[in-house]
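Thanks for coming. I will go through one structure, with a few residues in some detail.

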Amino acid sequence: MHDLLVKNGAILTMDRHGTQIEKGSVLISEGRIAWCGPEKDQPADGASRELDAGGGLILPGLINSHTHAAMTLLRGLADDLPLETWLTDHIFPAEQNLTAEAVYWGSMLAALEMIRNGVTSFCDMYLFAPQAARAADQAGLRAVIGEVIYDFPSPSYGELENGFALTRELIRNYKDHPRITGAVMPHATYTCSPPLLEKAGQICGDLDADMNIHLAETKVETQGIVEKYGKRPLEHLKGLGLVNNRLWIDHGVDLNHQEIELLAEAGVRVAHCPESNMKLASGVAPLDEMLARGVAVGLGTDGCASNNDLDLLGEMDSCAKLHKAHKLDPTAAPAEKVLSLATSLGGRVFGHDDLGRIEPGALADLIVVDTDTPHMTPMYNPVSQLIYVARGSDVRHTVCHGKVLMQDRKFTELDEAEITAKALEYAVGLRG
Ligand SMILES: CSC[C@H]1O[C@@H](n2cnc3c(O)ncnc32)[C@H](O)[C@@H]1O
Ligand SMILES: [Zn+2]
């Protein structure tokens, strides 16, 4: 007897062959996919719970490779500004008022939004990171989480030494957790000194952990680092011995050919954040070039103050269109490739070969997207429909690690009214 059967849907497996199964079902046991295939071939050994896909699309749960979940509390606080002004004059001051409880409720609000939008995995860099981990754990989501560290005193841990200690503790506490992993997260090269970054690298080595950092987000960032250290940001990290397969960079907009080559050779992963990059006018990341060199690229929303939502279906649409417009080439960022950024390739960014695919043995994270609505009719090509038409509001069921988190758009585990009210209460307190 299996734990869950998801039936009556067209499956986009996102496996190595891009297999699509027209009328299929998926059997899940102990958090993993036990079987998937055409309904007519379904094994007879049944499941204790069933989910009807209602003829919709069954696909892997979406993977958000870069966000700051609790920034839901700062959604719309400051818009239409360049990154430097936005961060220095608005976001950093508001974040000085953050508390552990605010981050917990902000992260829970993000969890509601992610589950509703079909996002089952996220990588989170923020203050009071244990609260984000607590929220992800309670919400049933998969996450890589780190406490942000930078040169100035943090409202979360105070002096830097405490930030390192907190990072170590977080990584150790979640070492054996089935869904949550701790990581080392220095904010950026312009907010972290070389000794801080070296120390962060040591922790990665000691605890076998990944490092996640904002890097090469704007030309202004590059200029500043060149002026300060005589090197571009990636070269600067390389000089500190940090460019290796533990590294996962956010944005990667201002990268030249040699740098893309270096990312590929070193096995560095990249979280591409098209909507945040457009909104903050940071530029356009060299997506096609990175993919052509075999760099593992995932898709990230960034935080809700620079996006301003956590809808990866909408993000995929933006991603596909941004690169076509930028390159004056309608074949750039094709739908199938863009879907892989939020599924199978995103899984590689998370360091898992068994994430972001629907195939036997893979982690049982999947979603069902409705297709029997006017705006999804007709459907010539399911992948094209997902990227260019579907939105988070079309997600009907969300399953993570074999557990149903949303059924027929109703949360199974979380109290939506309570979380929304609490988050609002804490958001009001942040404006100072
Ligand atoms: C304190 S946690 C992370 C830190 O990063 C800030 N942030 C959010 N989005 C961006 C971005 O695109 N580039 C750089 N920094 C960003 C966030 O507000 C937090 O302070
Ligand atoms: Zn960010």
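Which side chain does a polar contact of 3.3 Å join to that of His68? The partner is His214, side chain to side chain. By polar contact I mean a pair of N or O atoms within 3.5 Å; within protein, one must be able to donate a hydrogen and the other to accept it, and residues adjacent in sequence count only if both atoms are side-chain atoms.

Some ground rules. This is a predicted model, where local features need pLDDT of at least 70 and side-chain atom pairs count only at pLDDT 80 or more, while totals for chains, interfaces and linings use all residues. Residues are numbered from 1 along each chain as its sequence is written, chains are lettered from A and ligands numbered from 1 in the order in which they are written, and side-chain values use heavy atoms, with hydrogens and water left out.

Back to His214. This residue lies in strand 11; strands (E, at least two residues) and helices (H or I, at least four) are DSSP runs, numbered from the N terminus. All 5 of the 5 residues in strand 11, residues 211-215, are buried, so the strand is largely enclosed by the rest of the structure. Buried here means under 20% relative accessible area, exposed is over 50%, and partly exposed is in between, with a 1.4 Å probe and protein chains only. Met211, Ile213 and Leu215 point one way from the strand, and Asn212 and His214 the other way. Strand 11 pairs with strand 12, residues 247-251, in the parallel sense over 5 bridges; two strands pair if DSSP finds at least two bridges between them. The bridge partner of His214 in strand 12 is Asp250.

Now the records. UniProt, in an unreviewed entry, places a "binding site" feature at His66, His68, His214 and Asp302. These residues are spread over 237 residues of sequence, yet they cluster in space, with a largest C-alpha distance of 11.7 Å. UniProt positions are in the numbering used here, feature names are shortened, and annotations may be inferred rather than shown by experiment.

His66 is in strand 6, residues 62-67, and counts as buried because its relative accessibility is 0%. The side chain of His66 makes a polar contact with the side chain of His214 at 3.2 Å.

Where does Asp302 lie? In the loop between strand 14 (297-299) and helix 11 (312-327). At 5% relative accessibility, Asp302 is buried. Its contacts (heavy atoms within 4.5 Å), leaving aside neighbours within four places in sequence, include His66, His68 and His214. The Asp302 side chain also makes a polar contact of 2.9 Å with the side chain of Ser276.

His187 sits in the loop between strand 10 (185-186) and helix 5 (194-207), and is buried at 6% relative accessibility.

Last, the ligand. Of the 18 residues around ligand 1, those coming nearest are Glu95, Val148, His187, Glu217 and Asp302; a residue is near a molecule if one of its heavy atoms lies within 4 Å of it. A polar side-chain atom of Asp302 is 2.7 Å from an oxygen atom of ligand 1. For His251, a polar side-chain atom lies 3.2 Å from an oxygen atom of the ligand. His68 has a polar side-chain atom 3.4 Å from a nitrogen atom of ligand 1.
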